[in-house]
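Subject: Structure handover and notes

Hello,

Here is the structure I said I would pass on.

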Amino acid sequence: MTSSLTGPPPPATPSVTVPPAERHRRILHGRSASQRLERLDRLLDTPLFRTPAAASADDPLRTYARLRAINAAAGDLDQLGEDPTTIHTILEWTAAHDPALTLAAHVHYAVCLQGLLPASATNPYAAGLLAEMRRGESIGAILITELGRGGSHLSPETEARYDPEARTFTLTTPHDGALKFMSNVAHPGVPRTALLFARLLSDGQDHGPHPFVLPLHHPAHPLTGVRIDPLPPNPAWPLDNALVRFEGTVLPYDAWLHDSATLAPDGTLTDPLTPDRRLLHSLAISSHASAGAVVAQAAAARAAATSALRYATTRTTTGRLAPGENVLAYRTQRQALYTALADSHALTLATRHAQQLLRDLHHPATPRENTREGSGQQAHQASVTWAPWSGVHLDLALIKAHATETLEQVGATARRRSGAQGLLAVNHLAGCETLAHIFQSAAGDNLLIQLDAGKLLTDRARVQASRAALRPGPVPAALPSWDLPAVLRHETYRLRVLTHDTLSRAPRPCGPGAPALDAWDPVLPRLVTLARCHTSVLMLRTCRDQLPLPSTDRSAQARALRALRRLYALTHLERHVGWHLEHGTLTADDADRLRGDLDAALDTVHPYIPDLVELLAPPRARTTAPLAAADPVAALVQASRHTPHHPERP
């Protein structure tokens, strides 16, 4: 059995000076982002980035040194509040080769720096700490999760007691369960700027969670009453995570990021927002965290899928059906890796949508709701049940959850299909999975996001229409040949059915003292399913609308991407074929024809794989993974001669 990776003859090359792959990258990322990526690429030739990270105690120091180098090379940091493109460029760049650095950069830029920007305009204390972060003099951290309870974002037990005479706040950790948990602040030699969420106590009242900013390990801003205990090391994730206890730590008044809330001289709090609205407003930075997580995970997924495919194109097998044949001659290998590539491309398109949602949320052209075709929501308008993330922005939170699941699946597929090479840390595939594992909880717990999203979608449906008006309507007809619009119609119908079904089973709003959990508990799995289906429709619409590929565009690049998107859509429908058979939207013959179309879609993508990999992969130098090299055998031999534990030999 033989196969060819050469596609049909391409049309005449257009008369342009920019290669097609580079044109696509500029469309996808923007010209300025491409230029920033090129500046960051120059760091790979410096000793700091040439040295492989080993599982040792100095890994956090190396990570923070790299972060400071990135800070110096990126430029445009003064414009981050207006345009987070620089942050997203940094996260895209780090995700291709250093997952631990990606998380540190995500917390530093997308959470802490963005969190301080609104206050810095009127708060000199916050502005000074922000300036130090921009100069790379301190590293950002977040102190929000507490050790003893789930859902501590809604109700932290760390206390910030206001003294109206001194105009200061005193921080206290009342018991071990209230210890701040997992923040990367253990190393005493690295100054930090930390965002803290604590209960504001004043005038004998508990005003719920409010945000504060404080320096840690900072010689210019010494604090007393802070105890930081390093957590046991985690070789898979070498950051200096810690437990943090406050024992009477005193903060100045301006450490409180109060926004429109004020404290009177007698300690009385005035806040125009309700407690839930205040929580959502204080955690509006989660929209930046969600978008940043999507960008980083999409980049990691692209790097994993394309690295595995680059390796596959060089691998032969001694299997007796076809000794010496390339592994991509086997359909099992093609199906796994081409599907992973399609999933990573769809997620890349979703980053464009997420970035647009972020711009609309923070810099709306007109005061309107983000409700195109029923998606999105206006900021800070939702109630909070399990966690605040979906309430800040429904679609951004759901895309973040989907990105995590996609990266976990793509990373696992790339690792499994790369044999023993996939296990090596230097090839970054296992690191991509670890990044996904971290983002299961970081930037919002995925399950809580989906539970809240399902409940919000159900509540929205109850408000917008009667149950009769929400009936699914006519079943969409199956087509002789499946394409993306047909799959979208079927998934939209599934969403309507699930919405109607969930609403019919959901309890009516409970009065005070009613057993809300008992009423909602039987419906919780349906809420998750509804949220996932809403995300599926969102992803298919994104594939249809982002970087549209009109049928009149017959370039090789457009044909390759159309084939990849069709593979994504058909694979998506095949994953839910059981539901459609159960509900009569597909027959057994339809399902059989779908699988035939899916096989044909794989065959259509096959000859375009070299072009698609060139189009979607980061430059080889940026991945630094031996298995993605033109000669992976030579690259791994070379890497093994330059590890810290094996000095170079002649």
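Predicted model: local features only at pLDDT ≥ 70, side-chain atom pairs only at ≥ 80, totals over all residues.

Residues are numbered from 1 along each chain as its sequence is written, and side-chain values use heavy atoms, with hydrogens and water left out.

Overall

The protein chain has 23 helices and 12 strands; these are DSSP runs numbered from the N terminus, with helices being H or I of at least four residues and strands being E of at least two. Of the 650 residues in the protein chain, 55% are buried. Here buried means under 20% relative accessible area, exposed means over 50%, and partly exposed is in between, with a 1.4 Å probe and protein chains only. Contact means heavy atoms within 4.5 Å. Among contacts in the protein chain with a separation of 6 or more, 73% are between residues 24 or more positions apart.

Helices

Helix α9 covers residues 285-314. Its 30 residues should span 44 Å at 1.5 Å a residue, and the end C-alpha atoms are 44 Å apart, so the two agree. The expected span is 1.5 Å times one less than the number of residues. α9 is mostly covered, with 28 of its 30 residues buried.

Helix α10 (residues 331-362) has 32 residues and reaches 46 Å from its first C-alpha to its last, close to the 46 Å expected. α10 is also mostly covered: 25 of its 32 residues are buried.

How do α10 and α18 pack? The angle between α10 and helix α18 (residues 556-575) is about 100°, and their axes are 9 Å apart. That makes α10 roughly perpendicular to α18. Axes are lines fitted to C-alpha atoms, for helices over the stretch in contact, and angles run from 0 to 180 degrees between N-to-C directions. Angles under 35 degrees count as roughly parallel, over 145 as roughly antiparallel, 65 to 115 as roughly perpendicular and the rest as oblique. On the α10 side, the residues that meet α18 are Y338, T339, L341, A342, D343, H345, A346 and L349. Their partners in α18 are L561, L564, R565, L567, Y568, T571 and R575.

Rings

The structure holds seven aromatic pairs. One of them is Y162 with F169, a tilted pair at 5.0 Å centre to centre with 40° between the planes. Rings of Phe, Tyr and Trp (its six-membered ring) pair if their centres lie within 6.5 Å; planes under 30 degrees apart count as stacked, over 60 as edge-to-face and the rest as tilted. Y162 is buried at 6% relative accessibility, and F169 is buried at 0%. Y162, F169, F212, Y253 and W256 form one aromatic cluster.

Two arginines lie over ring faces: R167 over Y253, at 3.9 Å from the ring centre, and R494 over W579, at 5.9 Å. A charge sits over a ring if NZ of Lys or CZ of Arg is within 6 Å of the ring centre and within 35 degrees of the ring normal.

Single residues

L257 is in the loop between β8 (241-252) and β9 (262-263). L257 counts as buried because its relative accessibility is 11%. In sequence L257 and P118 are 139 residues apart, but in space they are 9.0 Å apart, C-alpha to C-alpha. Residues that L257 touches, beyond those up to four places away in sequence, include L116, A119, L195 and F212.

L527 sits in helix α17 (residues 524-545) and is buried, with a relative accessible area of 0%. Leaving aside neighbours within four places in sequence, the contacts of L527 include W386, G454, T502 and W520.

D203 is in the loop between β5 (192-202) and β6 (205-216), and is partly exposed at 43%. T624 is in the loop between α22 (620-623) and α23 (632-640), and is partly exposed at 37%.

Regards
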